[in-house]
Amino acid sequence: MKNSSLDVHNVFANRFKGCEALAYALSSKLQDGNMCINIEDYINNPDDHTRNPFFTEPDEFKAQTAEGAYVTHNPDVLKPFVVVDGRAYLQRYYRYETEIIENIKRLRDNFHIITGGPGTGKTYSITGLLIEMVGENPDLKIALAAPTGKAAARMNESIKQNVENRADLNEKVKEVLTQLKAKTLHRLLGSLPNTVFFKHNVQNRLPYDIVIVDECSMIDGPLMAKLLNAIGSSTLLYLLGDKDQLASVEAGSVFGDICRARDSRPLKARVEVKTESHRFDAHKGIGKFSQAVIEGNCNLEDFTNDEQVTINTEYDEALFKEYAIKYQDYIIEPDIKLALAKLNEVRFLCATREFDHSVDEYNKKIQDYLKRKVEGFKPKAEGFYHNQPIIITQNDYTHQIFNGDVAIIRECEKDGRTEMVAHFEDMDGGIKTIPAHYLNHYQTMFAMTIHKSQGSEFNHVMVVLPEKKGRQLLTRELLYTAVTRARERVAIMSTSETLALSMEKTVNRASGITQRFNSLKDE
């Protein structure tokens with residue numbers, strides 16, 4: 001056996017004597033976002049098996065996938081590992097995948113997907129559908145949801161705007177639709193404290209006629225299975241999202257996998273793909289660049305004098321300052337609601353949390369720059385400070401704040417003393433305040449990871465890619481997601497080599513969803 005270090009995958013693998021290499025492979029690849037492993041691909045990819053301390057030779061690894069004490073080829077038999085059609089799974093993840101497929105088959109005509117890039121009219125289409133259905137039956141029970149609070153708030157905003165733009169709309173319909181409020185998926189399903197379970201499940205399904213979920217590319221395999229389990233057989237379900245965006249942080253690329261199987265019998269005519277953007281011109285700017293990224297054929301010279309897209313290979317200090325100074329607007333704005341809006345006018349997005357050109361580096365760099373340039377801005381190395389922007393990094397059900405929520409810390413006078421208070425924008429467009437000392441999981445946020453930016457949009461975006469360390473994380477989907485967070489302008493700081501590497505590599509998460517759907521064509 002190769003030399004091994006004590007890591008969680010190693011500890012897990014040592015529980016399964018005789019199957020250590022398989023156990024290690026499944027545990028480590030799950031952490032990378034894979035629902036399973038393709039056995040032949042794993043054996044033939046040195047990048048995978050050379051980091052597996054238990055892997056010796058292909059035949060020995062294959063022998064571990066045979067029927068045995070820990071391995072079954074019959075999914076109905078409860079053993080830790082399942083091997084089906086050349087793919088190996090942890091039993092639980094095979095079950096999640098099966099639940100996703102079986103639920104979609106169960107829902108049949110109630111199941112619909114609308115996918116497309118920014119500005120292609122996904123929410124506009126769903127609003128039109130709601131107008132029609134509520135016009136026929138104003139008493140319909142409708143639920144709106146999204147994976148994060150920010151995405152839910154944007155969903156509220158988009159539907160409200162679409163409704164208000166319809167001058168000829170029946171007042172009763174308008175009233176019903178403007179009163180709809182999107183929730184996070186965890187709130188919709190009813191999180192049970194300190195467990196991975198939800199109030200709504202197979203035994204207690206959601207009491208709605210229509211459920212609409214936005215930003216579905218962010219939903220991981222386990223959560224998608226639990227959502228579908230909770231949908232009643234008479235409930236219409238609409239899943240909205242961008243199939244080209246980054247997959248979920250956790251295991252699975254479920255939304256993309258389902259979209260790729262759209263020609264299969266269970267999904268035939270259930271997946272609508274929208275391609276024409278009403279926000280971006282396909283022949284220039286952000287629209288042209290984002291499409292070129294997804295196709296992997298971006299010519300940087302095409303964007304030399306572009307009004308929307310700036311590509312800088314020198315990490316130019318003047319360009320950094322041009323974007324960093326935009327944060328001044330929220331700092332000097334006394335009205336907290338306006339300040340939160342101005343904070344979201346600009347964002348620095350980084351591929352990595354550490355190493356070169358990382359979130360940590362740029363948070364400090366921006367903070368130090370603003371300290372020199374903005375009177376009265378006095379950041380601290382530790383603890384809270386006045387006008388500190390923060391992002392929540394872990395769900396807090398007690399205070400109903402969630403991973404990815406953004407706030408501004410401000411000093412407030414209370415009972416004759418100064419107190420630091422966090423101000424969040426709630427999903428109704430109001431302001432929610434929480435004493436800062438109640439917060440346990442947060443980070444200063446001038447810069448954020450591209451993953452954390454999913455479900456958000458900003459007028460001006462600076463994308464910063466690493467020169468060396470961290471480049472293995474770069475993919476087309478990561479760059480596409482970063483660029484399409486911008487409404488008006490995006491600047492990309494990167495070496496030419498790093499950009500080229502980003503467009504060469506695509507996300508390739510192993511799952512059996514697409515293949516299993518396609519195998520149902522003739523059933």
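Me: Which helices each supply at least two residues of the lining of the second largest pocket?

Reply: Keep in mind that this is a predicted model. The helices are H7 (122-136) and H8 (149-164). H8 gives the largest share of that lining, 7 residues.

Me: What is the volume of the second largest pocket, and how many residues line it?

Reply: Its volume is about 680 Å³. The lining has 28 residues. Nearest the pocket's centre lie Gly119, Arg154, Ser158, Arg279 and Glu457. By class, the lining has 14 polar, 10 charged and 4 nonpolar residues.

Me: How should I read a helix such as H8?

Reply: Start with the general idea. An α-helix has 3.6 residues a turn, so residues three or four places apart point the same way. Now the case here. H8 has 16 residues and spans 23 Å from first C-alpha to last, close to the expected 22 Å. Its buried residues include Ala151, Met155, Ile159 and Val163. Arg154 is also buried, and it is among the residues nearest the pocket's centre.

Me: What covers the buried residues of H8?

Reply: The cover includes H7, strand E6 (142-146) and helix H9 (171-178). Strands E7 (183-184) and E8 (210-213) belong to it too.

Me: Which residue reaches alanine 151 at the start of H8?

Reply: Threonine 148. One of its side-chain oxygens comes to within 3.1 Å of the backbone nitrogen of alanine 151.

Me: How many cavities of 30 Å³ or more does the structure hold?

Reply: It holds 1. The largest cavity has about 50 Å³ of space. Strand E18 (447-449) gives the most to its lining, 3 residues. That lining divides into 5 nonpolar, 5 polar and 2 charged residues.

Methods
Residues are numbered from 1 along each chain as its sequence is written. This is a predicted model: local features need pLDDT of at least 70, side-chain atom pairs count only at pLDDT 80 or more; totals for chains, interfaces and linings use all residues. Side-chain values use heavy atoms; hydrogens and water are left out. On a 1 Å grid over the protein atoms alone, a cavity is a set of points where a 1.4 Å probe fits but cannot get out, and a pocket is an open set with protein on both sides within 12 Å along at least five of seven lines; lining residues have an atom within 4 Å of a point. Grid points are joined across faces, edges and corners, and a volume is the space filled by probe spheres set on the points. Helices (H or I, at least four residues) and strands (E, at least two) are DSSP runs, numbered from the N terminus. Ala, Val, Leu, Ile, Met, Phe, Trp, Tyr, Cys and Pro count as nonpolar, Asp, Glu, Lys and Arg as charged, and the others, Gly among them, as polar. The expected span of a helix is 1.5 Å times one less than its number of residues. Buried means under 20% relative accessible area, exposed over 50%, partly exposed in between (1.4 Å probe, protein chains only). Contact means heavy atoms within 4.5 Å. A polar contact is a pair of N or O atoms within 3.5 Å; within protein, one must be able to donate a hydrogen and the other to accept it, and residues adjacent in sequence count only if both atoms are side-chain atoms.
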